[in-house]
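Please find below my notes on the model that you asked me to look through. They are set out as numbered points, to be read beside the sequence and the coordinates.

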Amino acid sequence: MPAAAQPAHPEPRPGQDARPSSGPDAAPHPGPDVAPPFGPRPDADTGPDAGPHPAGGVGPRSVERALDLLDLVADAGRPVGAKALARSLGCALSTVYHLAGPLLARGHLVRTAEGYAPGPRVPALHRAHLRHHGLGAPTGELLGRLRRATGAEAYHTAYRDGLITVVDTTAPVTDTAHPFAPGPEVRAHATAHGKALLAALPRARRRRYLAEHGMARFTERTITAAERFEAEMAAVRGQGYAVSVGEADPAYTCLAIAVPDRGDGIVHALSVSLPTAGFARRQGAVRAALVRAVPDFPALPES
């Protein structure tokens, strides 16, 4: 594993501004690099959505901005400079430093010579996510075996409390162009894993999910009509697996099978994706590998 990049500037003390004092991202500052003890900075967001904060920051809008910043860094293929973040967020450079300060202090971000990158706290959050799903290393090993058996990227997806999430995948984190990355799945109705999970739900809960999340069209093959989607759900339950041929992304086709109920209130699915061009000749072998993998899905840990 490569050594961690050393920060280009010392991390700020609590309450200290996160901006560097020199370099391409430096910004002029009228006085000492210390935040005012009370109230927002002059450059902080204000308005109807910016409420008081007991620590002297601002309200929900600032939280959303900080999370947007974190998402931008997480989705990038390399460290991101403060100026690039400011352009993407549509805010002042000083606001980026202000938002990044707590994320740096808590380990969600690190600052390198090239810019901001995900920090050491991120892997711990992922492990916590797996733990809350009653999962861990065995699931990753199962996905690895499924990938070797099919030559296609493998995924674990879950439905919980009205949300569908791609929990884990064998796709390299550096492959930012891959269409199915870990995180919230916003195209469930157009993916095989989403179909497999939704088909396992009671009709009322499935309809509620679709009403809340919509059925946007992503390609000419995406199913967007409720009646047709219900017919698709019946077909999935009848054949025991789901397939999406270019419905979320025309270049990819995916197959999925829901995992039998583990009694944890979570619906799980295993799936693989492969180029649509080679789907017809590989469908049978890929489906057979999925069928073999499902019984090996980890059982619910004993309490």
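The points below go from the basis of the model to the chain as a whole, and then to its sheet, its cores and some single residues.

1. Basis of the values. This is a predicted model, in which local features need pLDDT of at least 70 and side-chain atom pairs count only at pLDDT 80 or more, whereas totals for chains, interfaces and linings use all residues. Residues are numbered from 1 along each chain as its sequence is written, and side-chain values use heavy atoms, with hydrogens and water left out.

2. The chain as a whole. The protein chain has 9 helices and 8 strands, where helices (H or I, at least four residues) and strands (E, at least two) are DSSP runs numbered from the N terminus. Of its 303 residues, 44% count as buried; here buried means under 20% relative accessible area, exposed means over 50%, and partly exposed lies in between (1.4 Å probe, protein chains only). The accessible surface comes to about 16100 Å², and 56% of this belongs to carbon and sulfur atoms, with areas taken from the Shrake-Rupley method with a 1.4 Å probe and, for residues, only the protein chains shown counting as cover. Among contacts (heavy atoms within 4.5 Å) with a separation of 6 or more, 58% join residues 24 or more positions apart.

3. The sheet. An open sheet is formed by 6 strands in the order S5-S4-S3-S8-S7-S6, with antiparallel pairing; two strands pair if DSSP finds at least two bridges between them. The edge strands, each of which pairs on one side only, are S5 (183-184) and S6 (242-245).

4. Strand S4 and its partners. Strand S3 (residues 153-160) pairs with strand S4 (residues 163-169) in the antiparallel sense over 6 bridges, and the two form a hairpin with 2 residues between them, where Asp-161 in the turn has a positive phi of about 50°. Tyr-159 has Ile-164 as its bridge partner in S4, while Ala-158 is partnered there by Thr-165. S4 also pairs with S5 in the antiparallel sense, over 2 bridges, and Thr-165 stands opposite Pro-184 in S5. S4 is mostly covered, with 6 of its 7 residues buried.

5. The nonpolar cores. A nonpolar core is here a set of buried Ala, Val, Leu, Ile, Met, Phe, Trp, Tyr and Cys residues joined through side-chain atoms within 4.5 Å. The largest one has 26 residues, and those with the most contacts inside it are Tyr-159, Ile-164, Leu-198, Tyr-209 and Phe-229. Among the elements that give two or more residues to this core are S3, S4, helix H7 (203-213) and helix H8 (226-239), but H6 gives the most, with 5 residues. Leaving aside neighbours within four places in sequence, the contacts of Tyr-209 include Tyr-159, Ile-164 and Leu-198. A second, separate core of 20 residues includes Leu-142, Ala-154, Leu-255 and Val-259.

6. A buried lysine. What does the side chain of Lys-195 make a polar contact with? Lys-195 lies in helix H6 and, at 0% relative accessibility, counts as buried. Its side chain makes a polar contact with the side chain of Glu-247 at 2.7 Å; the term covers a pair of N or O atoms within 3.5 Å where, within protein, one must be able to donate a hydrogen and the other to accept it, and residues adjacent in sequence count only if both atoms are side-chain atoms. Beyond four places in sequence, Lys-195 is also in contact with residues including Phe-229, Glu-232 and Ala-242. The C-alpha atoms of Lys-195 and Ala-242 are 6.1 Å apart, although the two are 47 residues apart in sequence.

7. Leu-146 in helix H5. Leu-146 has its place in helix H5 (residues 137-150) and is buried, with a relative accessible area of 3%. Its contacts beyond four places in sequence are Ala-154, Ser-271, Val-272, Ala-289, Leu-290 and Ala-293. Leu-290 is 144 residues away from Leu-146 in sequence, yet 7.2 Å away from C-alpha to C-alpha.

8. The two sides of helix H2. In helix H2 (residues 82-89) the buried residues are Ala-82, Leu-85, Ala-86 and Leu-89. Seen down the axis of H2, these fall within an arc of 100°, so they line one face of the helix; the arc is that of the directions from the helix axis to the C-beta atoms. They pack against helix H1 (60-75), helix H3 (93-105) and strand S2 (116-118), whereas the face of H2 turned away from the buried side carries the exposed residues Arg-87 and Ser-88. Just after H2, Gly-90 takes a positive phi of about 70°.
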